[in-house]
Amino acid sequence: MRWIESAIFYHIYPLGLCGAPHENQGGEPVSRINIIHDWIPHLKKLHINAVYFSPLWESGTHGYDTIDYTTLDRRLGTNADLERLCKALHENGIRVVLDGVFNHVGRGFFAFQDMLANREHSQYRDWFCNVNFGGSNRFGDPFWYESWHGCEELVKLNLRNEAVASYLERAILEWIDRYDIDGIRFDAADCIDFDFFRRIRHTIKNRKPDCWLMGELIHGDYSRWVNGDMLDSSTNYECWKGIWSSLNDKNYFEIDYGINRQSGSYGIYKHALLYNFVDNHDVARLATQLKDQRHLPLAYALLYAMPGVPSLYYGSEFALQAEKRKDTDWNLRPALDINELTAKPCGLYDYLCRLGALYEKIPALHNGGYVTVQVRNKQLVFRRGEGDAALYCVLNLDETAETLPLPISGDGWVECITDTPVEASGQYTAAPFSAAWIIKH
């Protein structure tokens with residue numbers, strides 16, 4: 001079995017979690033990333049076995065304006081600090097996936113600085129897309145260039161340039177060789193040239209065949225990127241929206257339709273394990289997004305039970321709240337102290353520890369198909385896997401108990417989240433605001 005089939009991810013935004021200044025003012029490195037060592041016991045209690053780090057290479061501000069692809073951001077520490085952290089995570093059975101921001105760089109990137117200094121005569125002018133010396137930009141440079149969605153702080157790289165592609169290949173191979181990384185999340189994958197993905201996949205898989213390649217995709221047909229020639233997976237924004245809006249609108253038909261479209265009998269993404277989440281560093285925290293926080297356990301029970309790879313965003317296991325704002329995203333990416341968080345009882349955290357332990361043990365959740373048993377506005381029953389190896393997920397977001405079909409036979413079925421025996425009677429009474437996983441004991 002591939003390691004990704006049984007992975008539970010924990011998504012960390014290092015510059016936020018470690019309390020780094022929002023602006024990189026230079027100076028000596030400060031080893032803030034060492035804080036994450038203290039989080040490893042917490043991750044193991046949640047049964048996390050993979051960590052995805054948002055950008056951690058040298059940048060000017062938020063990490064997506066890369067200055068140097070092979071030097072840890074000085075606000076986080078040194079390369080030796082990162083090496084020790086990756087080693088500690090691996091020793092604890094936790095794989096490491098890094099953010100690869102290859103569509104664009106920051107204005108502090110060495111090649112762009114050379115173009116600022118030498119203008120038309122820069123040897124790096126072709127490293128960037130659509131550079132034109134016939135005008136100026138909002139920074140007052142005597143030229144303009146293509147950027148990410150018009151944000152001129154983020155200069156688009158010309159990935160068709162052989163020197164650029166080779167430069168990025170060397171950086172990635174250094175990540176693999178020095179830190180033994182297990183995967184890359186490609187930022188802004190929808191903006192990246194397909195030929196670059198084909199090339200980089202060949203390079204990476206030759207060096208480390210089980211290195212997992214996942215792209216940030218929001219809209220469109222994920223299969224254009226996720227296939228045997230390019231990426232292994234993508235962010236599942238379709239079902240991110242479907243999970244919370246099904247709960248808010250009391251309409252389970254939405255998320256059931258989405259999952260069937262992707263992973264049902266005729267699902268268009270049955271060949272891929274998509275990266276599932278309920279919040280991340282770019283969207284509102286789930287506890288804020290939901291109208292009724294009593295629905296939090298139902299959202300996570302669905303996240304872990306649906307096809308794909310489940311991921312938690314750091315701190316959300318404690319029901320942290322944060323709205324998506326227009327002026328800044330830093331409120332979504334706070335500094336946190338794990339000792340303070342775990343000092344207080346938290347039912348959601350305990351619940352997620354339980355889900356993680358069960359996910360680890362139930363093969364149907366790793367590779368079983370998806371079959372809808374019953375869907376109503378406020379209730380959903382679906383099956384993962386077949387026969388006595390199947391798992392049934394029963395969700396009821398209503399304030400009243402509901403009797404739902406449960407096509408099981410024989411003795412020994414258990415509602416495993418609560419360790420409660422279940423009668424094989426062809427139906428199940430779901431308590432108000434409840435999520436149940438039912439398996440053959």
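Which side chain does a polar contact of 2.9 Å join to that of Asn-236? The partner is Asn-276, where a polar contact is a pair of N or O atoms within 3.5 Å, and within protein one must be able to donate a hydrogen and the other to accept it, with residues adjacent in sequence counting only if both atoms are side-chain atoms.

Welcome to this predicted model, in which local features need pLDDT of at least 70 and side-chain atom pairs count only at pLDDT 80 or more, while totals for chains, interfaces and linings use all residues. Residues are numbered from 1 along each chain as its sequence is written, and side-chain values use heavy atoms, leaving out hydrogens and water.

**Around Asn-236**
- Asn-236 sits in the loop between strand 11 (233-234) and helix 7; helices (H or I, at least four residues) and strands (E, at least two) are DSSP runs, numbered from the N terminus.
- Asn-236 has a relative accessible area of 1% and is buried (buried means under 20% relative accessible area, exposed over 50%, partly exposed in between, with a 1.4 Å probe and protein chains only).
- Leaving aside neighbours within four places in sequence, the contacts of Asn-236 include Tyr-222, Gln-262 and Met-306, with contact meaning heavy atoms within 4.5 Å.

**Helix 8**
- Helix 8 (residues 252-263) has twelve residues and reaches 16 Å from its first C-alpha to its last, close to the 16 Å expected at 1.5 Å a residue; the expected span is 1.5 Å times one less than the number of residues.
- Among the buried residues of helix 8 are Tyr-252, Ile-255, Ile-259 and Gln-262.
- Seen down the helix axis, the buried residues of helix 8 fall within an arc of 160°, so they line one face of the helix; the arc is that of the directions from the helix axis to the C-beta atoms.
- These buried residues pack against elements including helix 7 (237-248) and helix 10 (296-305).

**Helix 4**
- Ala-111, Phe-112, Asp-114 and Met-115 are buried in helix 4 (residues 110-118).
- Those residues line one face of helix 4, because they fall within an arc of 155° seen down its axis.
- Strand 6 (104-106) and strand 8 (151-156) are what they pack against.

**Nonpolar cores**
- Phe-9, Phe-128 and Trp-437 touch the most other members of the largest nonpolar core, which has 147 residues; such a core is a set of buried Ala, Val, Leu, Ile, Met, Phe, Trp, Tyr and Cys residues joined through side-chain atoms within 4.5 Å.
- Helix 5 (residues 162-179) gives the largest share of this core, ten residues.
- A second, separate core of 13 residues includes Tyr-392 and Tyr-428.
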